[in-house]
Structure formats: structure tokens, C-alpha cells
Amino acid sequence: MSHVAILGITGRAGSRIATELLGRQHTVTGIARNIGQASAQPGLSLKAADVTDGKALARLLEGHDVVVSSTRFVGGIDAPTLIAAAKQAGVKRVVVVGGAGSLEVAPGLALIDTPEFPEIYKAEASAGGVFLQALRGETELDWTFISPQALFEPGQRTGHFRLGSDALLIDGAGNSHVSMEDYAIALVDEIEQPRHPRQRFTVGY
């Protein structure tokens, strides 16, 4: 079993990833600015910290096998800070909860660059793309960036989903979606049996 640190444990995705990890008997350290929003669970320890403070974060990451970053890209940790903190702490693997904006809807055309992409989400999606590009330049850490689909909301844990690489996944009804619960399954599967070293992949229906 792995010892996993989750940045953004109180978020919708981070809390569900923690639940999936704990259900599989991994031990989890949850890190967030306000850990009062997190529920105590067996196998979970909570640490209050500003994840954008790289030096403080590195101290908290020591002794972990994997760090999962599930913070927002705007106002959360950036790729250089995360990479430096992981290296300083001796953590070998970094898994990032990505976004859908950088997925392609056609060769060379990212979702964020389509006319239909909502303006309100553009800053976050753009920052996610910058984060991914920074990771792609990293050759020492074992990183994985996991993009959800256009609709990424709490829902059912079905265990039935598809994996892709850099293209948006569309289901038979023309929708691009995945529940946070099923996304968490795919992420923990990747921690347990790595199949995408230094790659981005995506999960959807």
C-alpha cells in the first residue's frame, strides 16, 4: 500500500480521491488551507498548509510515495513549485488532477479554442494547459496528468468508463462527461498500476 499526499483534500475531487484511496487501504495525508472542512477517517491525517509555499510543502511531503495535486490551477499550486517541492521531499511520483480544456476536439484544435467554450472557465483551463506543458518538460519526476471530460461533477461510482490520451471523449449521446467518483477510480488505478508515466491521459464515458 502507498502513502499518498493529496493537495486540496477539501475540494470535490480531492475528497473523492481520498475516499477511493482509503477504501483500498492506502494511507493518506490531506493538505489544505482549511482542513476543518475535511472529515476525519481512519487512515487519513490532515495538515493545514498553504500549498503555494514550496518550502513548507516539501517538509509535509517527506516520506510519501505519491503526491496528488487536486487544487485549482488559478490560485493553487503551480507546476514549478510542485515539482521543486516533490524533488526536495524525495517524492518520486506526482499525479495531477487536470482539466478538459487542453483536450483536442479535432487534430490540433483544443476544446478551449472552440467558440462554444464558456468564457468563465477560460482562465482556469488556460492555466491548466500551462501546467501540463511545464510537466511535459520535466524529465526526472514520474508525473501523470489526468484530464476529466467537459462535464466533471459529483455523481455515481459505476466503475465503467473509458480511457483516452489527448482527445476529448464523446459518448453515444454526444456528451463529454465523467463523474468525480469514477474519475477517482481511474486515478487510484494509475497509482496502483502505473500505465502512463510522464503522460497525460483522460477518463470519460
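Author: A salt bridge is a side-chain nitrogen of Lys or Arg within 4 Å of a carboxyl oxygen of Asp or Glu. The model discussed here is predicted.

Reader: What makes the meeting of the side chains of D50 and R33 a salt bridge?

Author: The N to O distance between D50 and R33 is 3.3 Å. The cut-off is 4 Å, so the pair qualifies as a salt bridge.

Reader: Why is this pair said to tie together parts of the chain?

Author: D50 sits in the loop between β3 (44-48) and α2 (54-61), while R33 sits in the loop between β2 (27-32) and β3, so the pair links parts that are 17 residues apart in sequence.

Reader: How many salt bridges does the structure hold?

Author: There are 13. One of them joins R16 and E181, with the closest N and O atoms 2.7 Å apart. R16 belongs to helix α1 (residues 12-23) and E181 to helix α5 (residues 180-192), so this pair ties together parts that are 165 residues apart in sequence.

Reader: Where is E190, and what makes it a residue with no salt bridge?

Author: E190 is placed in helix α5. The nearest side chain of opposite charge is that of R93, at 4.5 Å. A salt bridge needs a distance within 4 Å, so E190 has none, although E190 is buried.

Reader: Which residues is E190 in contact with, leaving aside its neighbours within four places in sequence?

Author: R93, T144, R195, H196, P197 and F201 are in contact with E190.

Reader: Which residues of α2 are buried, and what do they pack against?

Author: A56, L57, A58 and L61 are the buried residues of α2. They pack against β1 (3-7), β2, β4 (66-69) and α3 (79-89). After α2 comes G63, with a positive phi near 90°.

Reader: How many helices and strands are there in the protein chain, and why is the chain called as compact as a globular protein of its length?

Author: The protein chain has 5 helices and 12 strands. Its radius of gyration is 16 Å, close to the 17 Å that the globule rule gives for 205 residues, so the chain is as compact as a globular protein of that length. The C-alpha atoms fill a box of roughly 45 × 35 × 30 Å along the principal axes.

Reader: What share of the 205 residues is buried?

Author: Buried residues make up 49% of them. The accessible surface of the chain is about 9,700 Å², with 51% belonging to carbon and sulfur atoms.

Definitions and conventions
Residues numbered from 1 in each chain as written. Predicted model: local features only at pLDDT ≥ 70, side-chain atom pairs only at ≥ 80, totals over all residues. Heavy atoms only, no water. Helix = DSSP H or I, 4+ residues; strand = E, 2+ residues; numbered from the N terminus. Rg over C-alpha atoms; globule rule 2.2 N^0.38 Å. Buried < 20%, exposed > 50% of the residue type's maximum accessible area, 1.4 Å probe, protein only. Areas by Shrake-Rupley, 256 points an atom, 1.4 Å probe, with all protein chains shown as cover. Lys, Arg positive; Asp, Glu negative; His and termini not counted. Contact = heavy atoms within 4.5 Å.
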